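Hi everyone, thanks for coming along. Let me put the structure up on the screen before I say anything about it.

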Amino acid sequence: MTASARRPRVWAMIAVYAALAVATATVLYPVLLVVKKAFEPGRQFALSASPIPDDVTLDHVRALLGARGPDGELAFVRHALASVVVALATTVVGIALACTAAYALSRFRFPGRRTALTTFLVVQMFPASLLLLPLYVLLHRLGLLNSLTGLVLVYSTTAIPFCVWTLKGYFDGLPRELLEAARVDGAGPARIFFTIVLPLARPGIAVTALFSFMTAWNEFIMASTFLTDEGKYTLPVLLQSSVGQFSADWGRFAAGAIVTSVPVMILFYVLQKYLVGGLTAGAVKG
Amino acid sequence: MIVSPPRPPVRAALRDAGVAALLVWVVLMAAFVRARNRDFAARELARAEAAAQAVARDEAPLHPTAAAGVVRPATAIAGYPYLKRRKVVRGKVERPLGGPSAPAADKLLYDAAARFDAAGPFAALLPDGSGRAVAAVATRRGPAIAVTVEPGAPRGLPWLVVIGLVGLGAVLAAAGAVAGRSALGVGVSVAVLGLPAWTWGGPLLAGFALVVALATMLAHARGATERLAAGLVAHRVALSFLAPAAIAMIVLVLIPFVVGLGIGFYDHQHGSWTCVGLDNFGRILAGNGRAFDDPLNFWFILGVTVLWTGANVVLHVAIGTALALALHQRWLVGRGVWRVLLIVPWAIPNYITALIWKGMFQGEYGAINSLLEGFGLDGVSWFSSWATAFAANVATNTWLGFPFMMVVALGALESIPRDLYEAAEVDGASAWQRLTHITLPHLRPALGPAVILGSIWTFNMFNVIFLVSGGKPGGATDILVTDAYRWAFERGERYGMAAAMGTIIFLILLLWTVFGTRVTRKEREP
């Protein structure tokens, strides 16, 4: 401790602070531009490079939140609700499936385990263009086309592989003696899983839940392909269509972008201490 | 370990026969439905054709029809030379086809007449899935057309046959087990199913049933099924934990994937599929007949994709690691604040990031050009040349991608024991030596998998390319995934080409992963 606490050289300090300042400025500049656009009159994207608005208005926010759908309902609220429902359901389904699978792969040795692990890695490589058409036909056959349920099913299976690998890393790190002791005390596998493993792995579960949530919250190709009814559009589809080829309304887009990003940012902020380390737990042990 | 008592041979034989029979039955049912539909279609087509012949002879058709008549050639209406109208004759009655008070089935007659004019006599099922058939035969007055009514319910599943055959199979298997020739009994009991297989699916399906029977027999004789069953029982806890996710993955990922692979061997044009074997792959790999420097040549796109992936991963790792090292300094003030701010791009949905950067790169009004002009430089028309459009894509993706690497590197840095540094410092190692001999070697095991994962994500990063440059100029900045998307949705629904492209992408990534994991593993085990 003492050695590292020694005073660093001045030029090193300057370099580190300068690098951080430049990086942070680069990160924040586009964000500030969007904030500016959301509260500045006009539909164009940006007429000046300055991230400070000349004039402040709530018109875009009001237009975004106040837009009425065909039945006179608040359109944005409706789409936001669809997105929230899809994202939360995806998180619950994805985590439930990933936790059990990761636990099986981490704690048990059975034939086919390596194959299953490899499969969970390989499916990450399936390009969406290969799956889109068969999934479309499959959902059509199951009567799940144009339904949020179908979307939830597809999203959770997209999220599962990454969640399984991350959670497996977490479960691998749990003390084996604890589980062994519980077993000796007569706890069954289900009881060990629910009362010991899950509570201990809470940070890992939090991180993977965040990823499942983001998978569903951010996806727009499948949503725009599988949802044909405009009333069911999720937020990404809605936002993307607001800056379409011919009628770009950047003010409204910026307002929507902020409203869409803030929930994820809050989640990131809350979970950031789990994020560091949570990702590497699996990687280091392989 | 307690040795479990040997399973009674009758039960094992019945179990194996049952599982194999189930497998054959699933395939048999599909064959049954297909054979039934074929018979059904043939019958309806024959009825429609007979009805059309009857109409042509001015007789009453034998079976009821939804619409029938001889459709006269189109003639112009007096006073409205551009409006043409057809008439339909049925017996002695002649009336105009269509119009406000006409029956809805007139549309079917009209379409059939148009098809007859284009292609001559025909008989076909209506494409609405109702099972109705339409036929047109030639007469001197025009095509005689008949549309059959919706047929009744199709022939039901022969349950008696099913129960009888399964029962017979069970008796044979049990008898075999009792007689001591257990494997033979199992084989014969499954082979019984070859009988209906022959009638519904021909010799091919019957052969399939026999192969399954033979395979089960051999597996049973060698004890493989016994071991499998014992394994399933022994690992039932682990397998039941794995099952929910496995089933979901099989239904919603693996089956679509296999179907997608299959589609790659077909060509889809104007709504019809034709099997073309390896043609799609051949065309793609031959560059679709274009020169190598043509942006639509596969090898050009592959080059762009590799360049895109390489540039992004290098930038992600370099920037991410550098910032992680900076954040890791113990004397840094406000570390939490810096870290939160630097993670921000990760939290913003990537399609929003892509659209923001697209707006920033806009030629006339874009913020980037305003910035450049502020520094006294000329504005750039970003999406009109390859290099600038590519740079815009890379800048966007670097912005949104480096936090992942930074967080991974931070996690790895925190796991390096502090005493290693202290020992190095006591030994008089310089800061540079500590970096290259302690920090970087410890980062490698965590960054290796992250690099492989990151390169897969970047290789398949659809949103940034599609939304920022959109392939401009002229598709030159498209990568493989966006090009595959264009085959499916922007070039006349060539799903076959898109799927073949997807297969190639998958194979490339698979090779890369196998290669990558081998390299990282080798590094980990010196």
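I'll go through the contact between the chains, then a sheet, then the domains.

First, some housekeeping: this is a predicted model, where local features need pLDDT of at least 70, side-chain atom pairs count only at pLDDT 80 or more, and totals for chains, interfaces and linings use all residues. Residues are numbered from 1 along each chain as its sequence is written, while chains are lettered from A and ligands numbered from 1 in the order in which they are written.

So, how many residues of chain A are in contact with chain B? There are 77 of them, facing 85 residues of chain B, where contact means C-beta atoms, placed from the backbone, within 7 Å. Helix 12 (residues 250-278) of chain A gives the largest share of chain A's side, 13 residues. Helices here are DSSP runs of H or I with at least four residues, and strands are E runs of at least two, numbered from the N terminus.

Now to chain B, which has an open sheet of 6 strands in the order 5-4-1-8-7-6, with antiparallel pairing; two strands pair if DSSP finds at least two bridges between them. At the edges, pairing on one side only, are strand 5 (93-96) and strand 6 (122-125) of chain B. Strand 6 of chain B pairs with strand 7 (residues 133-139) of chain B over 4 bridges, in the antiparallel sense, and B:A123 stands opposite B:A135 in strand 7 of chain B.

Finally, the domain assignment of chain B, which is automatic or from a database, lists domain 1 (9-35 + 156-234), domain 2 (65-148) and domain 3 (280-524). The centres of domain 2 and domain 3 of chain B, taken over C-alpha atoms, are 60 Å apart.

Technical notes: Two residues are in contact if their C-beta atoms, placed from the backbone, lie within 7 Å.
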